[in-house]
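This report describes the architecture of a single protein chain. Please consult the sequence and the three-dimensional view below while reading.

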Amino acid sequence: MLYAILAYHVEGEILAWTPEEDAAVVAKVIEVQAPMRASGNLGPAARLDDTKKAYTLRGSGAGIVLDGPFAETKEQLLGFHLVNYDTDEEAIAAARKLREVNPSAVYEIRPVKLYVPADGFGATPSSK
């Protein structure tokens with residue numbers, strides 16, 4: 001079964017990290033991802049850009065495009081991992097490993113109901 005492991009943070013705290021602090025956390029996350037990737041359990045993973053760069057499409061018909069998200073939350077969705085495990089417990093264990101190296105994150109583990117793989121997308125260069 002596919003699971004999305006959604007990573008939430010207080011965005012202001014993440015943006016306050018120095019480039020060195022940010023790189024250190026990213027390196028640790030990549031280390032945790034390596035065995036998941038090697039075992040075939042890790043699919044796409046992404047770090048989302050700043051929420052101030054987001055748009056929201058809402059309303060009827062064609063909708064209206066608004067700048068930024070409008071959820072009243074203290075934590076923002078900043079990234080995700082798509083993983084494939086047989087049980088909820090295995091997916092939760094994967095999220096725990098990610099949290100060990102990024103303890104300020106809150107991880108939501110949610111089964112994926114529909115996944116349509118895309119062709120043609122490559123990796124983006126890493127940057128803060």
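Which residues have the most contacts inside the largest nonpolar core?

The structure is a predicted model. Its largest nonpolar core has 20 residues, and I5, M36, V83, Y85, L98 and Y107 are those with the most contacts inside it. Two or more residues come from each of β1 (2-9), α2 (19-38), β5 (76-84) and α3 (88-101). The largest contribution is that of α3, which supplies five residues. In soluble globular proteins, nonpolar side chains tend to be buried together.

With neighbours within four places in sequence left aside, I5 is in contact with residues including F80, V83, A91, A94, L98 and Y107.

## Overall organisation

The protein chain contains three helices and six strands. Along the sequence, these elements follow the pattern β-α-α-β-β-β-β-α-β. Of the 128 residues in the chain, 28% are buried.

Among contacts with a separation of 6 or more, 77% are accounted for by residues 24 or more positions apart.

## The sheet

Four strands form an open sheet in the order β2-β5-β1-β6, and their pairing is antiparallel. On average, neighbouring strands are turned by 20° against each other, direction ignored.

Within the sheet, β1 and β5 run antiparallel and are joined by eight bridges. In one of the pairs, Y8 has L77 in β5 as its bridge partner. The helix α2 packs on the sheet, where it touches β2 and β5; the direction of α2 makes about 165° with that of β2.

The buried residues of α3 are A91, A94, A95, L98 and V101. Seen down the helix axis, these buried residues fall within an arc of 120°, so they line one face of α3. An α-helix has 3.6 residues a turn, so residues three or four places apart point the same way.

The buried residues of α3 pack against β1, α2, β5 and β6. The face turned away from this buried side carries the exposed residues E89, R96 and E100.

R99 lies in helix α3. Because its relative accessible area is 41%, between the limits of 20% and 50%, R99 is classed as partly exposed. R99 touches A105 and Y107, not counting residues up to four places away in sequence. The C-alpha atoms of R99 and A7 are separated by 9.3 Å, although the two residues are 92 residues apart along the chain.

N102 is found in the loop between α3 and β6 (106-111). Is N102 buried or exposed? N102 counts as buried because its relative accessibility is 7%, which is under the limit of 20%. Not counting residues up to four places away in sequence, N102 touches H9, W17, V25, V29 and Y107.

Notes
Residues are numbered from 1 along each chain as its sequence is written. This is a predicted model: local features need pLDDT of at least 70, side-chain atom pairs count only at pLDDT 80 or more; totals for chains, interfaces and linings use all residues. Side-chain values use heavy atoms; hydrogens and water are left out. A nonpolar core is a set of buried Ala, Val, Leu, Ile, Met, Phe, Trp, Tyr and Cys residues joined through side-chain atoms within 4.5 Å. Buried means under 20% relative accessible area, exposed over 50%, partly exposed in between (1.4 Å probe, protein chains only). Contact means heavy atoms within 4.5 Å. The arc is that of the directions from the helix axis to the C-beta atoms. Two strands pair if DSSP finds at least two bridges between them. Axes are lines fitted to C-alpha atoms, for helices over the stretch in contact, and angles run from 0 to 180 degrees between N-to-C directions.
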